[in-house]
Amino acid sequence: MSLVPFDDRDGWIWLDGQFVPWREAKVHVLTHALHYASAVFEGERMYNGTIFELTAHTERLFKSAEILDFKIPFTVAEIDEACKATCAKNGFTDCYLRPIAWRGTEQIGVSAQQTKIHVAIAVWSWPDYFPAEQKRKGIRLTHALYKRPSPETAPTASKAVGLYMICTISKHAAERDGYADALMLDWRGYIAESTGANIFLIRDGVIHTPTPDCFLDGITRRTVIRLAREKGFEVVERHIPGEELGTFSEVFLVGTAAEVTPVSEIGEHRYQPGNISLALMDDYAKLVRGELVNA
Ligand SMILES: Cc1ncc(COP(=O)(O)O)c(C=O)c1O
């Protein structure tokens, strides 16, 4: 597979308030964030010229930074405008956006109180997180190597880069075994999420989703709960023991990147993408494009 590296592309990246040519948007090797994971980020999508839930994403970026004990030196409105401007500058109406904020080079050590806080926004074309043909028939998940940590062990409410270490290791192991992704339980053994998306499970027409008390309460997750309730489905948020995995008939993942993606198997368990998953997949696709009537 030939990959175009992310540092060798055409376009513009918004960096600390200015647009810089894509290949010049660099950091030094002694950047605090690279050594101590002092960075937070967002993943957003623009559809038909509108960034879905832009301000909710920007507010979460600020909240994530606050949890990591730093303050982003811009306002939410400024970052919202910068996100829109970055899409426009690169000529996109449909794209993925990656805002990121991090501690700079002024100090290298556990204490980093004097480091400058940087912010960048990059955008690129990213049609499907999972291949489209796999999506409708459902993707295959295995069990993850790692569990989501307790909120007493890590800043789990933040979209902090350090929390993705266990996701990358787990996803690589899954891919090596031929799976698309992995299901992570939490430290108590409750179903949590996949390595980059929230999960919904259906039994007897009722939709169940884990209580997000140690992983990201995704913006897509909240949107899908609303869409499902508007369609008249019962949605139950609760702690779901891993032992219940075999009792559900439909399962799907949701996230900005994954959108709504049905799951056909998790380890030894099998599921059929059914009417509820496919209806919510279609409704979400319409909603984000401003095509859902009565949304
Ligand atoms: C670990 C993880 N969980 C859940 C989500 C879903 O969050 P959202 O719907 O806000 O994109 C994401 C990211 O997209 C994620 O990386």
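This is a predicted model: local features need pLDDT of at least 70, side-chain atom pairs count only at pLDDT 80 or more; totals for chains, interfaces and linings use all residues.
Local features need pLDDT of at least 70 and side-chain atom pairs count only at pLDDT 80 or more, while totals for chains, interfaces and linings use all residues. Residues are numbered from 1 along each chain as its sequence is written.

Visitor: How many Å does helix α3 reach from its first C-alpha to its last?
Guide: Helices are DSSP runs of H or I with at least four residues, numbered from the N terminus. Helix α3 spans residues 76-89, which is 14 residues. The expected span is 1.5 Å times one less than the number of residues. That gives an expected 20 Å, and the model is close to it at 20 Å.

Visitor: Which residues of α3 are buried, and how wide an arc do they cover?
Guide: A residue is buried if 20 or more other C-beta atoms lie within 10 Å of its own, exposed if 12 or fewer, and partly exposed in between, with C-beta atoms placed from the backbone. The buried residues of α3 are Ile79, Ala82, Cys83, Thr86 and Cys87. They lie on the same side of α3 because their arc around the axis, taken from the directions from the helix axis to the C-beta atoms, is only 135°.

Visitor: How far apart in space are Ala56 and Leu185?
Guide: In sequence, Ala56 and Leu185 are 129 residues apart. From C-alpha to C-alpha, the distance is 26 Å.

Key: Helices (H or I, at least four residues) and strands (E, at least two) are DSSP runs, numbered from the N terminus.
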